[in-house]
Amino acid sequence: MSERFLLSGNLHGGSVVASYPYDDSPTHKPTGVYSKSADDEVFRYLAKAYASNHPIMRTGTPNCPGEEGETFQDGITNGAQWYDVEGGMQDYNYVWANCFEITLELSCCKYPPTSQLQQEWENNRESLLTFIEKVHIGVKGFVRDVVTGSGLENATIVVAGIAHNITAGKYGDYHRLLVPGTYNVTAVVMGYTPVTVENVEVKEGDATTVDFSLQPTVMAPASNLTQFTATPAPVSTITSATVQAEAPNPTSLHQPVQPVDFRHHHFPDMEIFLRRYANEYPNITRLYSVGKSVELRELYVMEISDNPGIHEAGEPEFKYIGNMHGNEVVGRELLLNLIEYLCKNFGTDPEVTDLVRSTRIHIMPSMNPDGYEKSQEGDRGGTIGRNNSNNYDLNRNFPDQFFQVTDPPQPETLAVMSWLKTYPFVLSANLHGGSLVVNYPFDDDEQGIAIYSKSPDDAVFQQLALSYSKENAQMYQGSPCKDMYPTEYFPHGITNGAQWYNVPGGMQDWNYLNTNCFEVTIELGCVKYPRAEELPKYWEQNRRSLLQFMKQVHRGIWGFVLDATDGRGILNATISVADINHPLTTYKDGDYWRLLVRGIYKITASARGYDPVTKMVEVDSKGGVQVNFTLSRTDSKVEEGKVPVLNTPNTSDPNKKEFEMLIKDLSAENGLEHLLLTSSGDISPYRYRPYKDLSEFLRGLNLNYPHITNLTSLGQSVEFRQLWSLEISNKPNQSEPEEPKIRFVAGIHGNAPVGTELLLALAEFLCMNYKKNAAVTKLIDRTRIVIVPSLNPDGREIAQEKDCTSKIGQTNAHGRDLDTDFTSKPETKAIIENLILKQDFSLSVALDGGSLLVTYPYDKPVQTVENKETLKHLASVYANNHPLIHLGQPGCPNKSDENIPGGVIRGAEWHSHQGSMKDFSVMFGHCPEITVYTSCCYFPSAGQLPSLWADHRKSLLSMLVEVHKGVHGFVQDKSGKPISKATIVFNEGLKVYTKDGGYFHVLLAPGLHNINAIADGYQQKHVKVLVRHDAPTSVFIVFDMDNKIFGLRRELVVTVAGASMSALVLTACIIWCVCSIKSNRHKDGFHRLRQHHDDYEDEIRMMSTGSKKSLLSHEFQDETDTEEETLYSSKH
């Protein structure tokens, strides 16, 4: 029902015939009753189209065993006439959807042998193609509003003489199947005058196009016209395909179009309202959801911008949130009014047009839609509907700076926190009810009493609050609710939150302390749920305030922080204001916004790896001041001329340039979202696959996509199940040392199978989109992807669905936890020998369960982590692309107060243990590995899999992007010969070795890094390299021959060596001569040194055989002092 199918075939077996509706009759007689549908002629036409192209079906005599006498004229039959079928799918399609479906019986044998499948394909090929072509017959077109030109969704299409109507789609598009003939077609929409087009000729082949333009019975103002009304018109009868409407001349004096939609909008009504405006104003709107409420209602946001869906560098982002308390409804209705006002006045009203063009506006009408549905109109000061469906106050549910919030995080809270971390919001207001005042941070204090709790930006918050209250005359007076609170007084209609009353866990303080966003809380009226007839008054009182407050987003300073070397923006640079202890950070293009009141300020921009820059800036009251900063890399002046700083070099390879641009685009805001939106196929796991199904699924992928997949077994489990490894690459099973290689592993604990299903979904997603989606295709062409979906299949087989805490299946069949005894079990030996010890992976991602966070090495306790910044960065990339993990509030049962900053933590700091796969991968596989804990429940119900996939798919794809970053290098000598096994040392600790062909690749955190390149017989090279967050960095190192031997000049060493050799030869000659003389004089004096042969052999054997340590027979995490230092070495 969610897809607007037009034509369908339901393929069966057991006979050879095309059956059409209806499948049953009112009498339900077993057979012989022709049950005719309104479109019987169309159905017969469709059934004949299939049957006439089938060599057996068209004969009408299938001669099925046991039914040799059964015949069907022309190879078709009415369903009920053949035999009565209640509850059939084809009838459901016709009656309840716009879809015409027939049932096709393809062969007498229901499950024929494989040898017959080729013949069945030959029998049905032309029929299948012909039937598909019939989707184009009939009439098609659009139904539009004559004034706005926008499509009318769900318009009804009526064909005279056929008692079966269809409806138009989202954009007013429709298609009605009809056989050749002449018809009268009518379009009907509530609120519009119906229009009929007579004598529409339908021919064989493509559909006839018939468009409808309907006139509103009560004309609504258009977005580019002045207001006018039209009297209702009679039903129009026309002979052309469209209706032309003349637009009135606009008046010379402009007046903004005011909202006309004043009523209380329950959720379905609000949903339709939002979709309507998103549909009617697609050039300036984007409707999206940030998550769902407890009762699974969408938390909708309407974006209004001249470039919806895009963050424009330098343009600030603003948000309004309403209805956080479900029974405080004025804000909800005002924000719907505001959406209507902005949409209708864009392009005609200068104020609105300028605001929309210069600001990215996000409006959430209802943060608590469940509570709203429980609240009651007329509620003045009650609490029914205030809380969410779990009965928690959402404005006491955010992490607090002074008090521990003990209530579990709610879905609405987590969704909004994720939303606020996703967009670079600058300014916000949270709309409430119950008083009339603007309340600013802080909302509470350390003592928990009503006292002024001053934030570092107290002056800014006061100015923001006044900008709203000054435009609302009643609010500005400061004595709002005299009948309810006679003693309450707010000077100029504003108040510090904590001074009014203490609110721990409030949303506005969380905004200020955890993001770059300044938020205030606005109480819009004394009555929480006023009568609908009072709503126009609220709009009139707040209209100017709402607009004026939005303009404040442009106050203060704004600009860019740029890299002096290449002029590109620096992400997460810090903007500090002297004497105001509240630094902000830059966004992805290096852009920032810092709200300030009028004055002179000392502003400093700083970033890791760069020298800070400070400027004196004067801010006036007229608007924002642009202040750009250009930062130089640290020590670049000192080292100038000695140590070159390398970045991605220019290349003449257009394919490489194109791929680097792809990585940058995918790293940008909405880059991965765009990839997902443009991808093919709706991959959504819906069930868990036991071992047999998993094996068949992987084989199916390999058989269907043989050119990009290679399925191998790494070994067997204790109970002899295969440990499958699926490689996805444009050249599977071929060595490509220049390409990065990434490994995904799941199921090390059999009781946590979510990771397995996520990896199977990822594999199918990649395969389905190869050669279909340009970004996915390029990623597969340039990456070697290895997926190991289940490392512990034995444990998985005994684990039980919906067991959230059970340890059944956690271990292998011998009861051993593979992640605490990684080196000595059949399962782990298989992956060690066939993957990890090959040391050719750039990144590994392991998926587990039992929480919602990401850990990085080491899991072993008391371990100093070298290259910690890089490992933490990789974990953060995954967390930041997940809607919940980065919030650091897993909210798992029995651990509801657990707080993991950024959702990322070192393994040993969370659950320390010896012998983990992660530690082994880093220490002996020379590969950084992170562990993702996918959900609090080890084995959640299958019904949760679609949402888990939706949450993790962006993060999984981000790893495919991230593996291409860091430093890609190539090492050769001056003659152009590649140098393999050269040692590349980063930051005097981290080591990597060049592969065959001289290639190396290592992932590093963004910033400036030192490189020392070492190779036997060559001079050491020392360079600096800048690693960016959004692009790979290439390094090309050319070695010079080493002119020194033992620290001395090569020429001197050669001369001395030559002289020494000459002296040695002369001495040898003299000795030989002397010995010859003696030999002649003492012919019998030659003495032999006698040894017992067996004793000699034993002695040599003892001396030459050392006590060499076995890599896999000791606690590997203690073997840090090996002959060859590992990639990520550890300090003690």
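Predicted model: local features only at pLDDT ≥ 70, side-chain atom pairs only at ≥ 80, totals over all residues.
## Annotated positions

The unreviewed UniProt entry places the feature "active site" at Glu 105 and Glu 523. Such annotations may be inferred rather than shown by experiment.

## Glu 105

Glu 105 sits in strand β4, which spans residues 100-105. Its relative accessible area is 6%. That is under 20%, so Glu 105 counts as buried.

Leaving aside residues up to four places away in sequence, Glu 105 touches His 12, Gly 13, Gly 14, Ser 15, Val 16, Val 17, Met 57 and Trp 82.

## Glu 523

Glu 523 belongs to strand β21, residues 518-525. Glu 523 is buried, because its relative accessibility is 6% and the cut-off is under 20%.

Its contacts, again without residues up to four places away in sequence, are His 432, Gly 433, Gly 434, Ser 435, Leu 436, Val 437, Met 475 and Trp 500. A polar atom of the Glu 523 side chain lies 3.3 Å from the backbone nitrogen of Gly 433.

## Helix α7

Helix α7 runs over residues 350-358. Its buried residues are Glu 351, Val 352, Thr 353, Leu 355 and Val 356. In an α-helix, residues three or four places apart point the same way, because there are 3.6 residues a turn.

The cover over the buried residues of α7 includes β15 (298-304), α6 (330-345), β17 (360-364) and α14 (535-551). At the start of α7, a side-chain oxygen of Asp 349 comes within 3.2 Å of the backbone nitrogen of Glu 351.

Definitions and conventions
Residues numbered from 1 in each chain as written. Heavy atoms only, no water. Buried < 20%, exposed > 50% of the residue type's maximum accessible area, 1.4 Å probe, protein only. Helix = DSSP H or I, 4+ residues; strand = E, 2+ residues; numbered from the N terminus. Contact = heavy atoms within 4.5 Å. Polar contact = N/O pair within 3.5 Å; in protein donor to acceptor, adjacent residues only side chain to side chain.
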